[in-house]
Amino acid sequence: MCENDILGEYLTETYSVLLINLIKKHLPNIILFPATKIGRDLAPRVAATLETGLTADCIDLKIQDGNLIQTRSVYGGNYLADIICPQTRPQMASIRPNIMEKSEQTDKNQPEIIQFSSDLDPAQLKTKVIEYIETTVSNKKPIDEADIIVSGGRGIGSKENFKIIEDLADVLNASIGASRAAVEAGWISKSCQVGQSGTVVCPNIYIACGISGTTQHLVGMKSSKKIIAINKDPNAPIFEVCDYGIVGDYKVIVPLLKEALEKKLSHI
Ligand SMILES: Cc1cc2nc3c(=O)[nH]c(=O)nc-3n(C[C@H](O)[C@H](O)[C@H](O)COP(=O)(O)OP(=O)(O)OC[C@H]3O[C@@H](n4cnc5c(N)ncnc54)[C@H](O)[C@@H]3O)c2cc1C
């Protein structure tokens, strides 16, 4: 734990220098990062400087004969690979948020917190945050923290049509998600992408509209507590993983759902 005003904003430069100095001092055997935006930015810089390996986006970890077995999906999510780093230390991995269940906190698993001070000089920094610019969608909560997500895919058809998804999300106070196809079409921001190359989410309710349910999308949302799918193709694979499936045009179903929920929620 290091408290310093200079660390208020995340900067690769400051955080990596601090972490590298700390690792050189304490020589840990294993370092784990969350595979969040910050973790994905920081971990490779630290690993490269320390000339050690890094397995990104792990979905499972085990220890065997002193080695960290780092499991991640490969080849478009079709295989799982177990990766070890036997020759260099520290062993480093980043882990996808929400992929593992949180264990109960007990007195036994209290971590030891080491306090340290930083002698970073702001004058020597090469990078400075000048301004934050909001993305097109200002989600109520980032999708990896959302309780409810209403998600749209290629079936939504256009950027304008995403308004139908947003209207339902507003009623439910939900965040907006998307498939990669919708993101790549430029209809919605990348920060909304759910899936293998997006964010893994675990909300209480996930409503998938016009999303077919490819492996790469499912890997990012199949742990959701309740999955509701709306798709006009009765054979869409999303219907194999959902708790409730509605076969039909989302342009008809979603406004009806919104209206019914509005009425229901107004009585609560
Ligand atoms: C390495 C790699 C990583 C990837 N990572 C991701 C990822 O992180 N996330 C991700 O989502 N994808 C990812 N993909 C892409 C993935 O393979 C699919 O291409 C993508 O998920 C398809 O998105 P979709 O379901 O929106 O589109 P489609 O598969 O085209 O499905 C559209 C669906 O909409 C339905 N539909 C059409 N019109 C309507 C309507 N009016 N009402 C109701 N339903 C309708 C159709 O029946 C269809 O089922 C990745 C691919 C690769 C190779």
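Visitor: Why is Glu9 called exposed?

Guide: In this predicted model, Glu9 has 12 other C-beta atoms within 10 Å. A residue is exposed if that count is 12 or fewer, so Glu9 is exposed. You will find Glu9 in the segment before helix 1 (12-26).

Visitor: How far is Glu9 from Leu265?

Guide: Their C-alpha atoms are separated by 39 Å, and the two residues are 256 apart along the chain.

Visitor: Which residues make the contact?

Guide: From helix 3 they include Ile164, Leu168 and Leu172, and from helix 7 they include Val254, Leu261 and Leu265. The residues of this contact divide into ten nonpolar, no polar and four charged.

Visitor: What makes the phi of Glu51 worth a look?

Guide: Most residues other than glycine have a negative phi. Glu51 is not a glycine, yet its phi is positive, at about 55 degrees. Glu51 sits in the loop between helix 2 (37-50) and strand 2 (54-58).

Visitor: Why does Glu51 count as exposed, and Asp57 as partly exposed?

Guide: Glu51 has 7 C-beta neighbours inside 10 Å. The exposed class takes 12 or fewer, so Glu51 belongs there. Asp57, in strand 2, has 18 such neighbours. A residue needs 20 or more to be buried, so Asp57 falls in between and counts as partly exposed. Asp57 also has a positive phi, of about 65 degrees, although it is not a glycine.

Visitor: What kind of peptide bond joins Arg89 and Pro90?

Guide: That bond is cis, with omega about 0 degrees. Most peptide bonds are trans. Pro90 lies in the loop between strand 5 (79-83) and strand 6 (91-95).

Visitor: Which residues come nearest to the ligand?

Guide: Gly153, Gly155, Ser179, Gly195 and Ser212 do, of the 29 residues around the ligand. This shell divides into seven nonpolar, 16 polar and six charged residues.

Visitor: Which helix gives the most to that shell?

Guide: Helix 4 does, with three residues. Helix 5 (215-218), strand 10 (226-231) and helix 7 (250-266) each supply at least two.

Key: Residues numbered from 1 in each chain as written. Predicted model: local features only at pLDDT ≥ 70, side-chain atom pairs only at ≥ 80, totals over all residues. Near = placed C-beta within 6 Å. Helix = DSSP H or I, 4+ residues; strand = E, 2+ residues; numbered from the N terminus. Nonpolar A, V, L, I, M, F, W, Y, C, P; charged D, E, K, R; others polar. Contact = placed C-beta atoms within 7 Å.
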